[in-house]
Amino acid sequence: MIIQLHKNCTAQEHLVLDELLAQNNIKTVEINTQFNHYLVCILKREFDIRHIGNLACVKDVHRVTDGYKLVSRQWKVNPTKIDLGDGVIIQEGDFTLMAGPCSIESEAQVERIVKELVKNDVKIMRGGVYKPRSSPYSFRGLGIDGLKMFHAQCQAHGIKIITEVMQVSQIREMADYVDIFQVGARNTQNFNLLDALGEIDKPVMIKRGISGTIDELLQSAEYIFSAGNEKLMLCERGIRTFESAYRNTFDINAIPILKEKSHLPVIADPSHGIGIRKHVEKITLASLAAGADGAIVEMHYEPEKAFSDGQQNLNFEEFGGLVMKINKLKKITNSFVHSVSY
Ligand code: PEP
Ligand code: MN
């Protein structure tokens with residue numbers, strides 16, 4: 001059960017509610033986000049919500065049977081929008097594209113890619129400066145100085161930044177240069193990181209774990225939300241299975257299921273999802289048709305020379321073709337995908 005409290009609820013009114021809940025053996029967790037004040041209640045047995053519906057401090061009461069609560073669609077039917085400022089909003093029906101290299105490599109690289117994004121009217125650039133690599137000898141990113149350079153270039157062209165944060169100690173130094181923090185697949189269950197990201201007022205996109213279930217992804221998102229941050233998105237990036245013909249098994253099923261279970265925007269990552277450049281376009285378009293709210297796609301002017309994930313980066317020509325096809329397909333999907341009632 002979720003109880004939404006009035007922001008100006010008095011201590012006395014709160015006490016009346018607390019006592020009533022305690023009498024019914026209901027355990028509560030109080031949560032203040034940047035937008036709302038909630039009491040998440042863990043019920044051991046049935047409780048008639050009419051007992052509290054009329055109390056002075058109660059704004060609304062919702063029955064939520066899912067294990068995760070605040071990210072569930074059971075209490076919030078309207079989909080969440082993420083406002084990045086300057087008219088850039090991630091919301092159902094728009095299919096927002098985020099694109100850029102796997103890693104930020106140099107100022108010249110960022111300049112060339114920013115130009116290509118502007119040309120294609122893409123408003124959000126991806127690029128890692130802290131890279132989780134399987135081998136410690138691989139390129140591990142340019143770090144905070146690279147991020148500052150990345151930010152300066154993007155700001156000059158009205159482009160927003162999404163980049164991965166790998167540990168708690170990086171959050172503070174990165175925050176002024178980032179528009180969306182990405183939690184990578186290797187950190188989906190780094191609960192200390194999730195708690196810390198809940199304490200800041202910055203959008204977060206959390207990826208599904210390498211072998212993570214949908215329920216685990218939603219529970220991880222619940223960590224961030226319940227620590228105070230409602231500006232959240234979910235990302236399907238493929239999972240590890242027995243199949244070895246491609247990098248990961250992109251779980252297209254996860255898109256409608258996540259949309260049904262949660263009010264948070266769902267972003268597809270077809271680049272890591274299949275890991276093969278010539279098929280990234282098809283999986284991106286399939287994600288749009290499946291109801292995703294956006295996609296994050298790797299691209300580079302010379303994928304063969306990229307410092308990381310070159311095999312799955314689109315070149316500029318392929319990227320331009322993808323943008324064109326997304327815009328065409330959107331005209332069709334807009335008439336049916338979002339009329340589906342989750
Ligand atoms: C990335 O986005 O470059 C990345 C490392 O992704 P993932 O965490 O999904 O492997
Ligand atoms: Mn990558």
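Ligand 1 is surrounded by 13 residues, the closest being R126, A185, R186, K207 and R237; a residue counts here if one of its heavy atoms lies within 4 Å of the ligand. The model is predicted, so local features need pLDDT of at least 70 and side-chain atom pairs count only at pLDDT 80 or more, while totals for chains, interfaces and linings use all residues. Residues are numbered from 1 along each chain as its sequence is written, chains are lettered from A and ligands numbered from 1 in the order in which they are written, and side-chain values use heavy atoms, with hydrogens and water left out.

**Ligand 1**
- The side chain of R126 places an N or O atom 2.9 Å from an oxygen atom of ligand 1, a polar contact (a pair of N or O atoms within 3.5 Å).
- For Q182, the distance between a side-chain N or O atom and an oxygen atom of ligand 1 is 3.0 Å.
- E298 has a polar side-chain atom 3.4 Å from an oxygen atom of ligand 1.
- The protein buries 97% of the 300 Å² that ligand 1 exposes when taken alone (Shrake-Rupley method, 1.4 Å probe).

**Barrel**
- Eight strands form a closed barrel in the order 7-8-9-10-11-12-13-14, with parallel pairing; strands are DSSP runs of E with at least two residues, helices are runs of H or I with at least four, and both are numbered from the N terminus.
- Neighbouring strands of this sheet are turned by 25° against each other on average, direction ignored; axes are lines fitted to C-alpha atoms, for helices over the stretch in contact, and angles run from 0 to 180 degrees between N-to-C directions.
- Three bridges pair strand 8 (residues 124-126) with strand 9 (residues 160-164) in the parallel sense, where pairing requires at least two DSSP bridges.
- R126 has I162 of strand 9 as its bridge partner.
- Packed on the sheet, helix 6 (residues 191-198) touches strand 10 (180-183) and strand 11 (204-207), and its direction makes about 165° with that of strand 10; contact means heavy atoms within 4.5 Å.
- Helix 8 (residues 254-261) also packs on the sheet, touching strand 12 (232-236) and strand 13 (266-268), with about 165° between its direction and that of strand 13.

**Hairpin**
- Strand 2 (residues 27-32) and strand 3 (residues 37-42) run antiparallel and are joined by six bridges.
- The two form a hairpin with four residues between them, and I31 has Y38 of strand 3 as its bridge partner.

**E216**
- E216 belongs to helix 7 (residues 214-226).
- Its relative accessibility is 32%, so E216 counts as partly exposed (buried is under 20%, exposed over 50%, partly exposed in between; 1.4 Å probe, protein chains only).
- Leaving aside residues up to four places away in sequence, E216 touches Q189 and S211.

Note on methods. Polar contact = N/O pair within 3.5 Å; in protein donor to acceptor, adjacent residues only side chain to side chain.
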